[in-house]
Amino acid sequence: MTETLDIKITKTTNSRLSQTDFSNLPFGKIFSDHMFVADYADGEWKNFQIVPYAEIGLTPAISALHYGQAFFEGLKAYKHADGKVSVFRPDKNAERFNKSAERLCMPELPEEIFIQSIAALVDLDRNWIPAQANHSLYIRPFMFATDPFLGVAPSLTYKFIVLTCPVGPYFSKTLRVKIETYYTRAAEGGMGYAKSAGNYGGAMLPSRKAVEEGFDQIIWTDAKEHKYIEEMGAANAMFVLDGKLITPSTDENTILKGVTCNTVMTLARDWGFPVEQRRISVAEIIEGAKNGKLTDAFGAGTAATIAPVGSIGHDGEEYFLSDPKTREFSQKVLKTLDGIRYGNAPDPHGWNYMI
Ligand code: PLP
Ligand code: COI
């Protein structure tokens, strides 16, 4: 499908834009004026609409609420200095959207619908994209099951909705992370690679316990032995160890294949920096933190961007890393990424989708 999507647009008559304080944008709490909504029924996607952001009426029996047929994506739109607007790598999110859909026995959404719905919504609400440094419009596409049926079976009807939020940085400080060796996020054969709502619900108790211990985030480990690093709460884990960029392998399908992680690896390869995506043991990370060979550690994610790890807790010990401002690799990555996303540097890989 390459033709333009037929979207019925109903504009708000009561914009909240002028009452929104753009100097105070807590993540995910302020929504732009409009949202995109589509329905799946009778085996097809239909009723493509952009409507004012508002509550939606649903029966309490929808199967998403009972059995968790629900998943989401996260991507961002950026305002360039010359006023142009771009969305970063939406094709990658469209691809992952359909991997999540498949795993949860939900219908695929053609890439064109995913991208055109986002493009139309961002275009309409382009004045909601913050212009200040490190800010953007967070885009949240999601799908959920709407059959009013309490039997455990894949729903026959679904909704696809896209919301957007003007946001600043998700993490405001250097992270103190805990390597989790009891709780498990995902096991082989599970749905760790899907952006399913349930993956996040299941992470809340372990995360709260870690916060009660004084940490900001968990680094998950493998379900079998808790010996190998998986990913961070809402980001992929990346390290520079012994002069190489390393990040956990996604072959076991337990980890989300991050767009940001893929972008960072691509930039590193462009620079001729050695990159290894492989199993990473907790022991080698702790050893590197002790002997100084671990020169960089960060979470990479759309919301998180490049979130520096300041210290790593493991087995009751805490290992402190260098001051993030002095770290060569992640500083260079952040500068390069910002240059591309905000249109101040060339975009040789064609990552910016212009609106
Ligand atoms: N891992 C998890 C669990 C996440 O929630 C995210 C955020 O989307 C990521 C990794 C990073 O993925 P991406 O860079 O595509 O945002
Ligand atoms: C994202 O970066 O899009 C995420 O999924 C993080 C979110 C859970 C806040």
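Ring pairs join nine named residues into a cluster: Phe36, Tyr40, Trp45, Phe48, Phe71, Phe97, Phe114, Tyr158 and Phe160. The model is predicted. Across the structure, the count of aromatic pairs comes to 22.

One of these pairs is formed by Phe31 and Tyr53. Their ring centres lie 4.8 Å apart, and their planes meet at 5 degrees. Planes under 30 degrees apart count as stacked, so the pair of Phe31 and Tyr53 is stacked. Phe31 lies in the loop between strand 1 (8–9) and strand 2 (34–41). Tyr53 belongs to the loop between strand 3 (44–52) and helix 1 (63–67). The pair therefore ties together parts that are 22 residues apart in sequence. Tyr53 has a relative accessible area of 31%. This value falls between the limits of 20% for buried and 50% for exposed, so Tyr53 is partly exposed.

Aromatic rings also carry charged neighbours. Arg279 places its charged end over the ring of Tyr228, at 4.0 Å from the ring centre. Arg176 lies over the face of Phe215. Here the distance to the ring centre is 5.0 Å.

Cysteines were examined next. The structure holds zero disulfides. Such a link is a covalent bond between the sulfur atoms of two cysteines. Cys165 has a relative accessibility of 5% and so counts as buried. Cys261 is buried, at a relative accessible area of 4%. Both values fall in the buried class because that class takes in residues under 20%.

Methods
Residues numbered from 1 in each chain as written. Chains lettered and ligands numbered in written order. Predicted model: local features only at pLDDT ≥ 70, side-chain atom pairs only at ≥ 80, totals over all residues. Heavy atoms only, no water. Phe/Tyr/Trp six-rings, centres within 6.5 Å; stacked < 30°, edge-to-face > 60°. Helix = DSSP H or I, 4+ residues; strand = E, 2+ residues; numbered from the N terminus. Buried < 20%, exposed > 50% of the residue type's maximum accessible area, 1.4 Å probe, protein only. Lys NZ or Arg CZ within 6 Å of the ring centre and 35° of its normal. Disulfide = S-S within 2.5 Å.
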